[in-house]
Amino acid sequence: MDKPPPHHESISSRWSISSKDKEVTFADLGSKRIRHGSAGADSEMLSMSQKEIKDEDARLIYINDPDRTNETFDFTGNSIKTAKYSVFTFLPRNLFEQFHRVAYVYFLVIAVLNQLPQLAVFGRGASIMPLAFVLLVSAIKDAYEDFRRHRSDRVENNRLALVFEDNEFKEKQWKYIRVGEVIKVVSNQTLPCDMVLLATSDPTGVVYVQTTNLDGESNLKTRYAKQETLQKATDLETFDGFIKCEKPNRNIYGFQANMEIDGRRLSLGPSNIILRGCELKNTEWALGVVVYAGSETKAMLNNSGAPSKRSRLETRMNLEIILLSLFLIALCTTAAATAAVWLRTHRDDLDTILFYRRKDYSVKPEGKNHNYYGWGWEIFFTFFMAVIVYQIMIPISLYISMELVRIGQAYFMTRDDLMYDESSNSSFQCRALNINEDLGQIKYLFSDKTGTLTDNKMEFQCACIGGVDYSGREPAESEQEGYSVEVDGVTLKPKMRVRVDPSLLQLTRNGNATEEAKRANEFFLSLAACNTIVPIVTNTSDPNVKLVDYQGESPDEQALVYAAAAYGFLLIERTSGHIVINVRAEMQTFNVLGLHEFDSDRKRMSVILGCPDTSVKLFVKGADSSMFSVMDEESYGDVIEATKKQLHAYSSDGLRTLVVGLRKLNDTEFEQWHSSFEAASTALIGRAGLLRKVAGNIETKLRIVGATAIEDKLQRGVPEAIESLRIAGIKVWVLTGDKQETAISIGFSSRLLTRNMRQIVINSNSLDSCRRSLEEANASVARDDDDESVALIIDGTSLIYVLDNDLEDVLFQVACKSSAVLCCRVAPFQKAGIVALVKNRTSDMTLAIGDGANDVSMIQMADVGVGISGQEGRQAVMASDFAMGQFRFLVPLLLVHGHWNYQRMGYMILYNFYRNAVFVLILFWYVLFTCYTLTTAITEWSSVLYSVVYTSFPTIVIGILDKNLGRRILLSHPQLYGVGQRAEGYSTTLFWYTMFDTVWQSAAIFFIPLFAYWGSTIDTSSLGDLWTIAAVVVVNLHLAMDVIRWNWIAHAAIWGSIVAACICVVVIDVIPTLPGYWAIFQVAKTWMFWFCLLAIVVTTLLPRFAIKFLVEYYRPSDVRIAREVEKLRSFSEPQQNMGTEMNQIRDPSRR
Amino acid sequence: MPSNTASSSAAAAAAAGSADSSTSRRNSKRPKYSKFTQQELPACKPILTPGWVILTFLVISVIFIPLGVVSLFASQDVVEIVDRYDNDCIPAPARSNKVAYIQGAADKTCNRTIVVPKKMKQPIYVYYELENFYQNHRRYVKSRSDAQLRSVKDENQIDACKPEDDVNGKPIVPCGLIAWSLFNDTYVLSKNNQTLNVSKKGIAWKSDREHKFGKNVFPKNFQMGNITGGGKLIPDVPLSEQEDLIVWMRTAALPTFRKLYGKIETDLQENDTIHVILKNNYNTYSFDGKKKLVLSTTSWLGGKNDFLGIAYLTVGGICFFLALAFTIMYLVKPRRLGDPTYLSWNRVPGGGR
């Protein structure tokens, strides 16, 4: 029991023994194994194996000779270092990274300016403190993260692997593995590096790997060792050969190399390499030669985070930042100019003015100017001092606050109960942290169909055999049972049950009694045989029952194999040489003589099987469009016609259809095929094309067996979600690879299309016809009244003519006026093109959602990319900004969280502008009364703490927590989403209103005490304290006035912040060595202080309060009305009334 | 072998785990429900209804108007005598070059007479008021050493004090421009030829006397430099008792300011004539600074200043007016709250905004 072999392995071997007597082999082929799978190696999207690798782009690896391999080029070793810093490099490197942020550089420049003695406005400590604080916090966070990375690196590097050295396999730590070494990996081990397979425990050279760590896909993938290396690898010592492969790159689906052994050249593709991070499964051992190690492995090269995007709001905000900078420069110029005028008019008296006294007479004999460098320099210095004093005009703290707020928002999004997916046990993921608020402004939604709108859980629904439709359903009670078969006392059951048609079931049970039954059996045999599914037998709690689980890359194939199993054709074992099918309790072994894998050109796949009755048959399965052309129409015309009709009916129901055909091959045909297949699969150049040609040649004159219809079930809540999004004013575009009828029927079932929509179908085969139909469509759309809504349906062929062409504009115009757009037969690369078409022509935000690798380009192209963590692996998630389990979560994501985030962030930016500008203006007004010198009555510590401590916390809390409307009303009135689309939460107009308010408020805060204390004994510190407290109170009350939901956290933040500011002011004033010692106590005991404070608070906020009310009352925004509804619903409105109101609201907008 | 197989597969199945529902429930990533994480904390969500707004304005006006009246009364109660003397105290012939006169050696004594307009209750504060004197000038406010004022051992901390930091290498205590420019006009008040006692005790903040200015810090090298800025200090009195200096060192916030000179602790009757013998020593002439002598009582709200009262009345009045205006608007053109016809998607295009 030390090392249990993979469970199904032993079972299948037992069966192969038990069924040995039935095994039939071709005499001439028995010794030869079929080299299959290399065909699939080069689906041309991913590799370019046709091309020779140029010497300068290649690396040479001598197999089992690491010394020679590393002689000329010292390839990277296998130790990895994800940690960024070492103890010594931490400080400089971390600082360097942190200062990549412009905000920090600004901070630093200001702090440095302040260190010049002529410009020293703040004390050293006060000027550096905020920057130091922020840097320190980030550095601690980085250090901790790096420490953890160091630890995991160490663990990773010290793992052990078996390396062939001195004629035996020795354990070696991962970090010492070198390129060129031969490594042995055993079952369930993780691969230490990228290696080319030499041999495996399987005699045909197959290995199964799980790539969960790499791309998240949990199904098993097959990889192959080359036939030529299989035997040679038994004697590794004499193994002599080299591999010439491409330079390291991050494409995990591509690999291109040539191997030369014994003077023979073999070409290697992605199916011959296994990558670091994969796990070996169901294979006892595998031998491979290291080609990429350490940081050059594909896994490590892919180890970078999601691409960073910038939010629209932040980009918009930069304009206002520039305005603020101009404003800052204006203030500084004013200060410098007025100072210059004063110095000029008093230039003769500077030595005698008591409060200036230019000369330092202690320097003998004449006296020297103290801290005076001449008129020009004084202006210059005054200007820069002003920049230092007014630095927070540019709200640097805003950037940090925004980051914190986004983290907070992301926390709440990920914790949202509504966006948790039970079936995949995944909660919402925020992968990009800087575009939360973009979710509130989406105007265009591009959605993939399969796996996104639908579950991608295929269910076999109907079969059409010999033109006869079998789509009846089994009565409910017998559904419990499902098909099972007993083999050697063990009951085998397919893991998934399929509903069966009783009449068809009966038919298959008849054996080959009738012609019909024979056809039915043939049909299911084809389904069970013609695929690339790997059956895996798993145990259940009952030792006598085992489940057969079908693993494969295509869910359609899975569904078909399960269906075949339900009718008694249980696929039990697959090796590269044969498959074992249990046909109604009878084991039958078929030799796999050839396999042409699916490619998107042929749109079909085929296998050539040596059947138990010694015949050789070609089974072909593929899309109807590609299948009918290769059928033998003469002999089976009527069946084909009947099938076509049936297929049309199926696809109108939204079912996915496939057609199955077969042909018996005679010996000459087979021989001919065999030799050309051999030649093609060993060809070095253009292998994929040659193989396709071979497949094309043999896949002709087929006899039609039947057709299948698979239901691609819509995900739960998709129709409702699409309807909500449509009402919210989001244009939904569905991009699918399905054919037009299927796409349209899915469109109807998902409520993307409705019966009262006029459909414009563009379905052209040439540029001219495409142009004509588009222009016609454009004209008809332009002519139409707004009453009729239009759906645009366009197929991939037409899109080829449209994209990258002047027709893009026409299409865009038509699409803009359509309420739904459906693109069918779209190739993956076109998806990004369609997104780009819209993105480049409008400033509206786009969102793309998808689940598969083919959606990655579209997800990255769109402003916001959402990945569905579903069936098709995790590439989409890895490329996305947000990831979730179900399409319908888009509704709460956009309508609720997006709405909130946008409104919160928009308000926060405006508020931060206001908050800092108020303070700066207070400082500025004072300059007009200090002889134009940059004295601040407010202590320097208060200046520094103002934006960090006194006022920052509430805005962050409100930015995370405030909700302008409740979740319920946002979901029931999707139109409220328009707030973000119309950019009502943040605009230049709002900015200017805020700035006017700012000027008024700062003036009131400054001048009320000024006039009240004019000509009194008030001292600088006391007045400064009054201004500080007044500013903090006003700024916080201003926020309080705009807070919509007062929960205890909001209360704590706002009132706590005022209290904190007062405490800070008190603390500063109890330090005896500061000039302001005890000032706050002196001033706060006078009535005057409190009278001023009260007057300030009321006067500053009065205009805002009145105008806010007037606007909200007489020009109510949608949000305001909805808030009233939300608030008053409970008491003033009868429930009945609300109901009709809702209907009224639900009416789709006609704007 | 068979037994081996069975148990190993069982182990594998258990390891796979995903099929096992109890395991999956345990590993569920479902976010834990709480009102906080679902952003459903109980909250009050006030909205500005006309009622609340009008009420707010009314409340403000009801508070502000009386406060304004009270403030105005307080200000009116204050009796204040202001006598500007900077010009008058320079003999007519010297007025063409005031700076020369003030820097000269001539006797600066000047006699002033002031009449009490109204009864003044004690304590009556005697202030000097300076105008156009920027005690808040950046150069000036920085030119001090608080450490040095507080303790003897820090007397060498004079870096900030330039250009008045040391004399011949020895530190000046108190150093800096502020101390150097100490105000040094003196007033001797008499009523009916009887000297009015002007108390100089307790004119500075208690906190300053006790903690900010050291009890054992004595003036050193003060006003010994080439030019004298203002007053001198008594050498053997500790700084904590030199209250004129302490008052002066509390730099004024605004260019027009008063500083307390002393207190008269007897009442003054209406039409009392007060004779002031004044030493006009302080040079404000080089920058057109005005000097005034002020005798004033105080109210609970401070000195004579109508601004706050007027401000309160104005704000209160505006609020009252707004309350009225909003009430009328509300009556004339009300809007039903929560009326969906105002929603943008319910308004007829073009007929809306």
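How many residue pairs in polar contact, both at pLDDT 80 or more, does the rule find across the interface of domain 2 of chain A and domain 4 of chain A? The count is zero, where a polar contact is a pair of N or O atoms within 3.5 Å; within protein, one atom must be able to donate a hydrogen and the other to accept it, and residues adjacent in sequence count only if both atoms are side-chain atoms. This is a predicted model, in which local features need pLDDT of at least 70 and side-chain atom pairs count only at pLDDT 80 or more, while totals for chains, interfaces and linings use all residues. Residues are numbered from 1 along each chain as its sequence is written, chains are lettered from A and ligands numbered from 1 in the order in which they are written, and side-chain values use heavy atoms, with hydrogens and water left out.

**View 1. The interface of chain A and chain B.** Chain A contributes 120 residues to the contact and chain B contributes 115 residues, contact meaning heavy atoms within 4.5 Å. About 10,500 Å² is buried between the two chains, and carbon and sulfur atoms give 62% of that area. Buried area is the accessible area (1.4 Å probe) that two parts lose on being put together, summed over both.

View 2. Four salt bridges are counted between chain A and chain B, a salt bridge being a side-chain nitrogen of Lys or Arg within 4 Å of a carboxyl oxygen of Asp or Glu. In a salt bridge of 2.5 Å, N to O, the side chain of Arg357(A) meets that of Glu164(B). Helix 37 (residues 1087-1114) of chain A supplies the largest share of the side of chain A that touches chain B, namely 18 residues. Helices (H or I, at least four residues) and strands (E, at least two) are DSSP runs, numbered from the N terminus.

**View 3. Domain 2 and domain 4 of chain A.** The domain assignment, automatic or from a database, places domain 2 at 177-302 and domain 4 at 457-472 + 485-681 of chain A. Their centres, taken over C-alpha atoms, are separated by 31 Å. In the contact, 11 residues of domain 2 of chain A meet nine residues of domain 4 of chain A. The two domains bury about 690 Å² between them, 50% of it on carbon and sulfur atoms, and zero salt bridges are found across their interface. On the domain 2 side that touches domain 4, strand 6 (206-210) and strand 7 (220-224) of chain A each supply at least two residues. Strand 7 of chain A gives the most to that side, with four residues.

**View 4. The two domains of chain B.** Domain 1 of chain B spans 49-78 + 300-331, and domain 2 of chain B spans 80-297. The C-alpha centres of these domains lie 40 Å apart, and four residues of domain 1 are in contact with four residues of domain 2. They bury about 290 Å² between them, with 41% on carbon and sulfur atoms. Gln76(B), Val78(B) and Lys304(B) lose the most area on the domain 1 side, together 86% of what that side buries. Between domain 1 and domain 2 of chain B, the count of salt bridges is zero.
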